[in-house]
Amino acid sequence: MINIAIDGPSGAGKSTISRRLASEFGYVYIDTGALYRAVGLYAFRNGIDSKNAEAVAGTLDKIEISFTHDENGVQRVYLNGEDVSADIRQHEISMYASNVSAIPSVRAFLLELQRSIAEKQNVVMDGRDIGTVILPNAQVKLFLTATCEDRARRRYEELVSRGQEVDYEKVLADMRERDENDSKRAAAPLKQADDAVLVDTTGCTLEEGYLCVKAAVEQRMKEKAL
């Protein structure tokens with residue numbers, strides 16, 4: 001199996017680019033961030049403090065996460081049998097996802113699910129620690145990033161396009177907090193794997209960013225004769 005691991009901070013375009021890359025290569029796309037969002041959504045709905053590791057850990061035996069891909073290859077995420085693909089994308093769930101992802105028991109809870117998928121099929125998997133922890137032996141690793149301001153602008157425009165009422169400055173502040181949480185957490189912090197290719201898309205359109213990533217993947221696959 002060929003595994004492509006794409007890591008990077010929030011708003012870097014990982015999901016959109018990875019989904020398109022998987023479609024073009026004929027691979028399965030796995031958005032691991034959606035899994036953490038599902039845990040965060042459960043905490044949110046049940047009034048659980050997402051920073052309380054003990055409280056969150058105590059709910060894991062009540063959580064069942066699964067996903068399918070629709071006819072267009074889009075990943076659909078299910079929380080205890082309910083399709084929550086839209087609900088997990090609400091802006092307020094972003095911080096819940098960031099908080100629960102720092103909890104070791106949550107990461108362990110989702111680890112085997114992610115690895116088992118990659119063992120059975122060619123995948124493009126994106127997240128925060130795919131190349132460093134989840135799939136350390138992935139044949140192709142990329143670290144996708146952009147300035148915080150650029151990423152906040154993209155996220156703001158994405159949320160507005162979905163009809164959500166958001167403030168850019170709030171989105172920027174939340175993104176800075178997520179960057180801090182993700183890079184400094186004790187459990188699997190966000191960092192570039194030693195063998196990952198860095199792709200910085202600051203100032204790029206989505207199309208330009210995709211072409212940069214595709215070129216980097218093709219070059220690495222050529223080097224490894226994949």
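Select R155: it is buried, with a relative accessible area of 16% (buried means under 20% relative accessible area, exposed over 50%, partly exposed in between, with a 1.4 Å probe and protein chains only). This is a predicted model, in which local features need pLDDT of at least 70 and side-chain atom pairs count only at pLDDT 80 or more, while totals for chains, interfaces and linings use all residues. Residues are numbered from 1 along each chain as its sequence is written, and side-chain values use heavy atoms, with hydrogens and water left out.

E158 and R155 meet in a salt bridge of 3.3 Å, N to O (a side-chain nitrogen of Lys or Arg within 4 Å of a carboxyl oxygen of Asp or Glu). Both residues lie in helix α7, 3 residues apart, about one turn of the helix (helices, H or I with at least four residues, and strands, E with at least two, are DSSP runs numbered from the N terminus). E158 is partly exposed, at 31% relative accessible area.

Next, select D150, R153, R154 and E157, which a network of salt bridges links.

Move to E149 and R176, whose side chains form a salt bridge (3.1 Å, N to O). E149 lies in helix α7 (residues 148–161) and R176 in helix α8, so this pair ties together parts 27 residues apart in sequence. E149 is partly exposed at 39% relative accessibility, and R176 is partly exposed at 46%.

Now select K141 and D195. Their closest N and O atoms are 3.2 Å apart, in a salt bridge. K141 is in strand β7 and D195 in the loop between α8 (168–184) and β8, 54 residues away. Which of the two is buried, K141 or D195? K141 is buried, at 5% relative accessible area, whereas D195 is partly exposed, at 37%.

From K141, look across to A5, which stands opposite K141 in β7. Strands β1 (residues 3–7) and β7 (residues 140–145) pair in the parallel sense over 4 bridges (two strands pair if DSSP finds at least two bridges between them).

Widen the view to the sheet. Its 5 strands run in the order β2-β6-β1-β7-β8, as an open sheet with parallel pairing. β2 (28–31) and β8 (197–200) stand at the edges with a single partner strand each, so one side of each has no neighbour in the sheet.

Finally, show the whole chain: 9 helices and 8 strands, with 50% of the 226 residues counted as buried.
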